[in-house]
Amino acid sequence: MPPLLFGRQGMGSSKIFDIAIIGGGINGAGIAADAAGRGLTVCLLEQNDLASGTSSASSKLIHGGLRYLEHYEFALVREALAEREILLKVAPHIITPLHFVLPHVDGMRSRWFLRAGLFLYDNLAKRQTLPASRGLRFSQDPSGVPLQANLTRGFSYWDCWVDDARLVVLNARAAAQKGASIQTRTRVTGYQPNAAHDAWGIETTSPRGAGLVQARVLINAAGPWVDGVAGLERGLDKQPLEPSAQRMRKLQLVKGSHIVVPRVAGANDGYVLQGRDGRVVFALPFEEHFTLIGTTDVAFDGDPAAVVCSAEEEVYLLKVFNRFFVRHLSRDDIKYRFSGVRPLFDDEQQDPSKVSRDYHLDLRREPHTPPILTVLGGKITTYRRLAEDALDRLSPLFPNARGAWTAGHPLPGGALGGSMGDLQQRLCAHYPNLDAPLLNALSRRHGMLSFAVLGDAKQMSDLGQKILPGLTEREVCYLRDHEWATSPDDVLWRRTKFGLTVEDSKVPAVTETLSTILDQ
């Protein structure tokens, strides 16, 4: 059978997309943006909200992965470090440099071992923005203030913090701006080749009812649900295929949990803590008033939608933290906890911490069946390269498509024309009667799009109802109309992090108010 070559003629009238993507996490949204920017017609199908799974349950870091050097994953670290530089440039409003402190502990990794690892980390890829690592004496450095007195020396280096859920949303927005159809709350119930054998017929259900999407190429980017999506494939007789016919590639599912506590006094840097078992746990400044502690690595076998942080994981994270900090925490200090299931490629490692975070792309092309590309593994830092790789794999099918483009184009709101400080000054000058803290917070969520959020507002009253300190009716309407927010959780936990600050007694009223606005 000759290879399929998909042209551009007739696509609008036939209503067959070039590519349909199942999964609205970072990989699916990144692929959608890249594909749409190459001139392909794209449909993204997500069963819940964008970033509602693993992609909003990360450690919120854009980093090379210092600990991966121990497992000799030099290529992965090099690629991630290079991506760190690119992402800092394309999304400077939601990605910011973060200073990390790595205390040395007697009996653990030696100082020369840490120094050698940091030297590689500094030099595996070209650094254009972030400073090099250096040694620290905690008696002479502010980062030592919250640490226990027996910790006297360590190292510092730089990586980046990211609002992970907003990174997904902005990629979806970039895709939509290039013409992609973004369909959230749309569950795929089955798919099979259509009668002409040159496109997939994808059956869906949503609050709008049953639907059918047709696409010449299907991409399964469903993360921890990737095997479940593979099981929805049917043959020409519309019966489910046997697993052997689907060529399913098993994932190794690993649960990672985090806890959030009130900001630990003096802990304004990121801290890299070595557990007695050799694992690494981060303690990170989170939002304005919190510290984020994580993550765990626990083999997982269950429903990814029902994943929760266990009591054992909470105790583990607290023990690691308390080994390093003067301020000792208990479970009563935990304000919030969250868990995600990492869909890692099964490389037969027994220790979940040693399973590679690299990605694998499985392109299946068979006679009488349209192509299907399955995305396995990956990490948030390398999502853009994964998307480029996926589109490069598919490029022989679309000879008229344009080339890679995402490395040189800011994500929506990211074309600042200066620094974040410059943007905040411009906002204050343009909106002199609006509260400066609100303007600064908006800039960190929306970047240059803050002007679109605020529009012609002159006074605070022009922003409508004040739902929470820093959250107004006008922004919620913007999230509804431009960012696919349809539920209170979409607003409170993924488009923003205001869920952390809502008092328990006020949750029902806030939820009701948000529901009313979102339903308008």
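Visitor: How many salt bridges does the count come to?

Guide: A salt bridge here is a side-chain nitrogen of Lys or Arg within 4 Å of a carboxyl oxygen of Asp or Glu. Side chains of opposite charge can pair when their charged atoms come close. Please keep in mind that this is a predicted model, in which local features need pLDDT of at least 70, side-chain atom pairs count only at pLDDT 80 or more, and totals for chains, interfaces and linings use all residues. Residues are numbered from 1 along each chain as its sequence is written, and side-chain values use heavy atoms, with hydrogens and water left out. By the salt-bridge rule, the count comes to 34.

Visitor: Which residue forms a salt bridge with Asp297?

Guide: The closest N and O atoms of this pair are 2.4 Å apart. Asp297 sits in the loop between strand 14 (290-294) and strand 15 (298-299), and its partner is 45 residues away in strand 16 (residues 336-345); strands are DSSP runs of E, at least two residues, and helices are runs of H or I, at least four, both numbered from the N terminus. Both partners are buried, meaning under 20% relative accessible area, with exposed over 50% and partly exposed in between (1.4 Å probe, protein chains only). The partner of Asp297 is Arg342.

Visitor: Arg384 and Glu388 meet in a salt bridge; which helix do they both lie in?

Guide: Their N to O distance is 2.8 Å. Arg384 is buried at a relative accessible area of 5%, and Glu388 is buried at 11%. The two are four residues apart, about one turn of the helix, and both lie in helix 9 (residues 383-394).

Visitor: Why are Asp490 and Arg494 separated by about one helical turn?

Guide: Their side chains meet in a salt bridge of 2.7 Å, N to O, and both residues are buried. They also belong to a network of salt bridges linking Asp49, Arg185, Asp490, Arg494 and Arg495. The separation is about one helical turn because the pair is four residues apart in helix 14 (residues 488-495).

Visitor: Is Asn171 buried or exposed?

Guide: Asn171 is found in helix 5 (residues 164-177), and a polar atom of its side chain lies 2.8 Å from the backbone oxygen of Leu167. Leaving aside neighbours within four places in sequence, Asn171 is in contact (heavy atoms within 4.5 Å) with Ile26, Ala29, Gly30, Ala33, Tyr383 and Leu411. With a relative accessible area of 4%, Asn171 is buried.

Definitions and conventions:
Polar contact = N/O pair within 3.5 Å; in protein donor to acceptor, adjacent residues only side chain to side chain.
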